[in-house]
Amino acid sequence: MKSFRVIPGLPLTLGYTLFYLSALVLIPLAALVIKTTQMTLAQFWDVVTDPIVVASYRLTFTASALAAAVNGVFGLIVAWVLVRYEFPGRRFFDALIDFPFALPTAVAGLTYSSLYLKDGWIGGFGPRVVASVNALAGWAGIAPPLAPDALDWLTFPFTGGTTGIVLVLIFVGLPFVVRTVQPVLLEWDAEFETAARSLGASPWTVFSRVIFPEIFPAWISGFALAFARSIGEYGSVIFIAANIPGKSQIAPMQIVTRLDDFQYAQAAAIGVVLLAFSLIILLAINGVEAFARRQERAA
Amino acid sequence: MAGAPIAKVVSRTGSARPAPPANPLIRRILILLAVAFLTIFIVVPLVNVFVQALSKGVEGYVAVFHPPEAPEGATLTILQKRHFGEGAAQATRTWNSIGMTLSVAAVVLPLNILFGLAAAWATTKFHFRGRTLLTSLIDLPFSVSPVVAGLVFVLLLGRNGIFGDWATHLTWPDVFSLHWIGFANGPWPFAFGRSFTGVIFTPLAIVLASIFVTFPFVARSLTPLMESLGSDEEMAALSLGASGWRTFFKITLPNVKWALLYGVILCAARAFGEFGAVSVVSGHIDANDTMPLRIEKLWNEYNNQAAFTVASVLALLAVVTLVAKTLIDWKTQGNERTSEGVSDA
Amino acid sequence: MTIEIRNISKSYGPSLVLRNVDLKINSGELVALLGPSGSGKTTLLRVIAGMEQADAGSGPVLFDGVDVSGVDLGKRRIGFVFQHYALFKHMSVFENIAFGLRAKPRRERPDEAHIQEKVHSLLDLIQLRNLAHRFPSQLSGGQRQRVALARALAVEPRVLLLDEPFGALDATVRRELRRWLRRLHDTIHVTTIFVTHDQEEALEVSDRVAVMNAGRIEQLASPQEVYEKPANAFVFKFLGNYNLFHGRSGGGSFVRPHDIKIFRNAESAGPDAQPGMVTHIGFGGPVVKVELESDDKTHVDVELPAQAFHDLNLRRGEKVWFALRGQHEFPLDYSI
């Protein structure tokens, strides 16, 4: 039981908290809204429906959705494997999951763009392997066994376009699905599974009918978090994308362009739309999560 | 649930009953898929940072920080002189960026720690209307794109901003240039060597933008723990006559020290690595570059090896962050197990 | 130190937890606040402690005649013991007990030697001398509670307030500790108030019992008096098992199971005897529980000493006679 008078410090702590929040969050965000209202509705509409801007929204959304979907599938597999199976290096890989949180986005963008260049280690996987094998052979004193263009077909050059953006967004959003699903899997009581298996259900049925519905709220929450995170992502994407307006430019980049031209109001308009989208997604998550949990309780 | 989950390395507790044995083929395929996925998306990119940084050998790596100097007394061609000059200039800019990153963090971290402690105390020790709203507001930066985070400060304090006139004429001292001047010029023996004018496009803006994106970490790490610990110990200390401050420092703080450290590490990692927000407010001025901005510039100048070298420092920091997080997780899990005590029998 | 509270009311939002409560406690007394959960007993304790504030319009809380309602928790010189001990996890047993002494302002703080002496004498009092440097996580529940008590006593409080102090402990430890508390109280004579929902505990340990229900004190009297002369049906029902026989005009006869005697024939039973049939026999060591069904289908619980049971040699299904040997008449208040 907490009381205003008994435990000291409410005025001091609440005061400092509110001051900090107002100065650093509320007032700046208000500036965003205010700047937008300085435009007329027509001007606002012109900016946000400009074909280049719309193209940037589309790119942002599509890439984020695809990346979140990949993370949804593989994140689930990773969480499953880490919780249910023992294998050498399990602890190492478990700790690794948090790496995208710890690594600066610029470094992520840098390393991904170099990897997927035409002659990068993944972008030019085939030729690189050939070169390494030949080099090794050279050290061992044997004649190079492979022709220089033997594996030229085995390349994955993905810088510049949507694929590259999706790849780096997969990295950025990777921990979300894994970390939200893991705790649920850990607490999962396998009795239900054993019961289902004893009744003759196949492993897939057991998973899809018994287990997945249980972890669905957490899973969808992780998916939406990855999605929301990717929408705002900037640092890593601008390294790997060609940033050609209308083709390979994400929405945050549009904001930066407008700012560089001192078009503050326009930048604000695009920013407001972006912010609104993020908030809508997050509200949607909370809604779906609450709905799913209510279904669970009713069942 | 808004924002990034505060991630922990999860270990198995004894609560779940063992699952029926899995089909060995499925098991192998799934493990393979998981390991392959993680290797391609995390391990390879991480290793690549160091491979590229060392692509000119160890000398090349070191040269980014300590450029070779022209040999004494040698006559050099113009091209050679320019080469040495560029190397030196680049190294200076790189060191400046390291200094900028560290000094921004040095300002941002204490402020955020204070905020985190205050916010956690205010929201967990007291009931008041609007408590949930306050907690949601603290989570807000996670929903905002870093570019928007920088944008709002430009809109507020930039040339055409709402407080633009006041902000662009504001003069403020560089706290890191405080030095001793003796008593010759008056009673106060300290002075600042440097001041800045304006906010946007100065380090102050970088500090503000960094605070915006990093302040939730400490608060979010402390709040759930303090909520679950309750206030009984604090009540006990107060009933024994301790003052509020003594209670806070001797009772509350020791109980949350690991969560606090956790939050500080996450906050620092984010502060070192923030790119979008800082890029917007820094104005691309070389003197304002933090390490991530430096990386971008080097990359744009096609100086890949140098870019990766600077990136490798941040990557190393990220690895240290991960190791520290893992250690803290093991420590706190161990503490949970021992707090159950012994039986009375 | 005497404690007197007058007309204390406390509400949490819409619900009224304490209703105009008056209470007077004499110096050196050990009083139990007994009642079911929700009766307000813990709230009352916390109001006395200064951890809760009574509603506006309530009367004063007087310590030795002085109103302390405006005095802060830390300045009331009370010793509070929590149900879950609230020991400081990061301090040793010694540091926990010494905490209040070290927290005193510089002027009042005793010197280190004095603190050592005081803490060690308290450790002797609670018989945990050789555990001084252990940490709370290394102690059993009973040991932790004793440390909590010593910690509260270290600052020489004017009153000891215990909030369900043995609630988190095993039954055996609970019984041991309650006897130990009584002996401690007899040694140091500090005015003590403790909250419990266990009537056995309250009756065994305290000088007086305040039976509480829905924010009111139903009866404040010695253990013997509340048990033998309960003020109303609630007190009677709370303090033990009972049978209820409905009488005329809305009243009821409340009888304890051991106040019912069973007879083989009507003559020895007496004029007020009633017929009944044995439906169940439950052996419980020294006491045997016999369940009867009277002719009007009322279920009756009887307890008799094992010897008496063997003398009667009862069996299931047998017809017997039973008589009430000590009932309490109360009006039936169906809101209870």
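## Confidence

pLDDT is the predictor's confidence in each residue, from 0 to 100. Helices (H or I, at least four residues) and strands (E, at least two) are DSSP runs, numbered from the N terminus. Among the elements of chain A, helix H13 (residues 264–298) has the lowest mean pLDDT, 81, and helix H6 (residues 105–115) has the highest, 93. This is a predicted model, in which local features need pLDDT of at least 70, side-chain atom pairs count only at pLDDT 80 or more, and totals for chains, interfaces and linings use all residues. Residues are numbered from 1 along each chain as its sequence is written, and chains are lettered from A and ligands numbered from 1 in the order in which they are written.

Chain A averages a pLDDT of 86, with 97% of its residues at 70 or above. For chain B the mean pLDDT is 86, and 91% of the residues reach 70 or more. In chain B the pLDDT is below 50 over residues 1–15, a stretch that has 33 contacts in the model beyond near neighbours in sequence. Two residues are in contact if their C-beta atoms, placed from the backbone, lie within 7 Å.

## Chains A and B

The contact between the two chains involves 88 residues of chain B and 90 residues of chain A. On the side of chain B that touches chain A, helix H1 (residues 24–53) of chain B gives the most, with 17 residues. That side of chain B consists of 63 nonpolar, 18 polar and seven charged residues. In this classification Ala, Val, Leu, Ile, Met, Phe, Trp, Tyr, Cys and Pro count as nonpolar, Asp, Glu, Lys and Arg as charged, and the others, Gly among them, as polar.

One helix pair spans the two chains: the axes of H12 (residues 251–260) of chain A and H5 (residues 146–157) of chain B come within 10 Å and cross at roughly 25 degrees. H12(A) is therefore roughly parallel to H5(B). Axes are lines fitted to C-alpha atoms, for helices over the stretch in contact, and angles run from 0 to 180 degrees between N-to-C directions. Angles under 35 degrees count as roughly parallel, over 145 as roughly antiparallel, 65 to 115 as roughly perpendicular and the rest as oblique. The crossing of H12(A) past H5(B) is left-handed, a term used if the near helix is turned anticlockwise from the far one by less than a right angle, with right-handed if clockwise. H12(A) contributes Pro252(A), Ile255(A), Val256(A) and Leu259(A) to the contact, and H5(B) contributes Val147(B), Leu151(B) and Val154(B). By class, this contact of H12(A) with H5(B) has seven nonpolar, no polar and no charged residues.

## Helix pairs within chains

H12(A) also meets helix H3 (residues 51–84) of chain A, the axes coming within 7 Å and crossing at roughly 145 degrees. On the H3(A) side the residues are Val53(A), Ser56(A), Tyr57(A) and Thr60(A), and on the H12(A) side Ala251(A), Met253(A) and Gln254(A). Four of the residues in the contact of H3(A) with H12(A) are nonpolar, three are polar and none is charged.

In chain B, helices H3 (residues 78–125) and H8 (residues 216–229) have axes that come within 8 Å and cross at roughly 30 degrees. H3(B) and H8(B) are therefore roughly parallel to each other, and H3(B) passes H8(B) in a right-handed crossing. Residues making the contact include Phe115(B), Gly116(B) and Ala119(B) of H3(B) and Leu222(B), Met226(B) and Glu227(B) of H8(B). The contact of H3(B) with H8(B) has nine nonpolar, five polar and one charged residue.

## Chain C

Chain C has 10 helices and 18 strands. Its C-alpha atoms fill a box of roughly 80 × 50 × 30 Å along the principal axes. Of the 336 residues of chain C, 39% count as buried. A residue is buried if 20 or more other C-beta atoms, placed from the backbone, lie within 10 Å of its own, exposed if 12 or fewer, and partly exposed in between. Among contacts in chain C between residues at least 6 apart in sequence, 65% join residues at least 24 apart.

Val17(C) lies in strand E2 (residues 15–25) of chain C and counts as buried because it has 21 C-beta neighbours inside 10 Å. Beyond neighbours within four places in sequence, Val17(C) is in contact with residues including Tyr12(C), Gly40(C) and Gly215(C). Pro305(C), in strand E16 (residues 299–305) of chain C, counts as exposed, with 12 C-beta neighbours inside 10 Å. Not counting residues up to four places away in sequence, Pro305(C) touches Pro286(C) and Val287(C).
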